[in-house]
Amino acid sequence: MITASARRAPGPIGMVVLMLLWGGAFLVPIPLSVPGIRLAAGAVGTPGTLTVDVCEPLGRNRYDCEGTFVPDGGGRAVPVSAPPHLEVGDEIPAQLTPEGDRAAQAGPRGVLGSLILPFLCVGGLGFLPYVILYSTSRATRRHLRTAAIAGWALTAVSAAGITTGLVAVYST
């Protein structure tokens with residue numbers, strides 16, 4: 001029987017692969033979040049008001065919501081998919097996607113809500129430099145301490161950003 005202390009750590013190639021996977025898992029979602037942030041900020045789409053008409057439960061506290069979007073500049077009401085955190089009857093400032101099939105919460109609350117994933121990614125990357133330094137033989141105690149402090153700082157920023165975004169989204 002092999003004990004835990006007798007197991008080998010991944011070799012240098014294995015460590016590089018693990019670090020690339022770790023970095024990729026938390027770096028790739030950041031640019032993918034940009035369209036949602038731009039929509040909530042009003043850089044794309046049509047501004048207006050969303051009224052939630054119906055929310056159907058999907059199970060496990062998940063909902064599929066539909067609503068009616070009325071453009072600010074006038075025009076006909078458009079049936080759209082609504083954010084799932086809203087309730088029937090909610091009326092919020094929203095931004096219609098260029099495709100015209102979905103409305104997202106607009107303004108500061110929408111922007112803060114769309115920043116939740118990037119903040120989560122920052123937290124996930126926080127200790128990657130520490131792990132990379134720890135796995136190299138040239139890291140000094142001072143380097144590790146600096147990387148640990150930076151990791152904790154990034155984790156704190158991440159937690160604050162996620163909390164702020166969640167409060168903004170669910171205080172509607």
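Helix α3 (residues 107–114) and helix α4 (residues 116–125) pack at an angle of about 35°, and their axes lie 4 Å apart. The axes are lines fitted to C-alpha atoms, for helices over the stretch in contact, and angles run from 0 to 180 degrees between N-to-C directions. Helices (H or I, at least four residues) and strands (E, at least two) are DSSP runs, numbered from the N terminus.

Before I go on, some notes on the source. This is a predicted model, where local features need pLDDT of at least 70, side-chain atom pairs count only at pLDDT 80 or more, and totals for chains, interfaces and linings use all residues. Residues are numbered from 1 along each chain as its sequence is written, and side-chain values use heavy atoms, with hydrogens and water left out.

Which residues make the contact of α3 with α4? On α3 they are Leu-112, Gly-113 and Ser-114, and on α4 they are Ile-116, Leu-117 and Pro-118. Contact means heavy atoms within 4.5 Å. Sorted by class, this contact has four nonpolar residues, two polar ones and no charged ones. For the classes, Ala, Val, Leu, Ile, Met, Phe, Trp, Tyr, Cys and Pro count as nonpolar, Asp, Glu, Lys and Arg as charged, and the others, Gly among them, as polar.

Next, the buried side of α4. Its buried residues are Ile-116, Pro-118, Cys-121, Gly-124 and Leu-125. Buried means under 20% relative accessible area, exposed over 50%, and partly exposed in between (1.4 Å probe, protein chains only). These buried residues of α4 pack against α1, α2 (29–41), α3, α5 (128–135) and α6.

Now to helix α6 (residues 141–170), where Trp-152 is found. Is Trp-152 buried or exposed? Trp-152 is exposed, because its relative accessible area is 58%. Ser-158 has 5% relative accessibility, so it counts as buried. Leaving aside neighbours within four places in sequence, Ser-158 is in contact with Phe-119, Leu-120, Val-122 and Gly-123.

Helix α5 holds Val-131. Val-131 is partly exposed, because its relative accessible area is 25%. Val-131 touches Met-19 and Trp-22, not counting residues up to four places away in sequence. From Val-131 to Arg-142, 11 residues apart along the chain, the C-alpha separation is 14 Å.

Leu-21 is in helix α1 (residues 12–27), and it counts as exposed because its relative accessibility is 57%.

Last, the strands. Leu-96 is found in strand β4, and it is buried because its relative accessible area is 9%. Not counting residues up to four places away in sequence, Leu-96 touches several residues, among them Leu-39, Gly-45, Phe-69 and Ala-103. Thr-97 is in the loop between β4 (91–96) and β5 (103–105). Thr-97 has 4% relative accessibility, so it counts as buried. With residues up to four places away in sequence not counted, Thr-97 touches Leu-39, Gly-45 and Arg-102.

Ala-103 lies in strand β5, and it is buried because its relative accessible area is 1%. Leaving aside neighbours within four places in sequence, its contacts include Leu-50, Val-80, Pro-83 and Leu-96.
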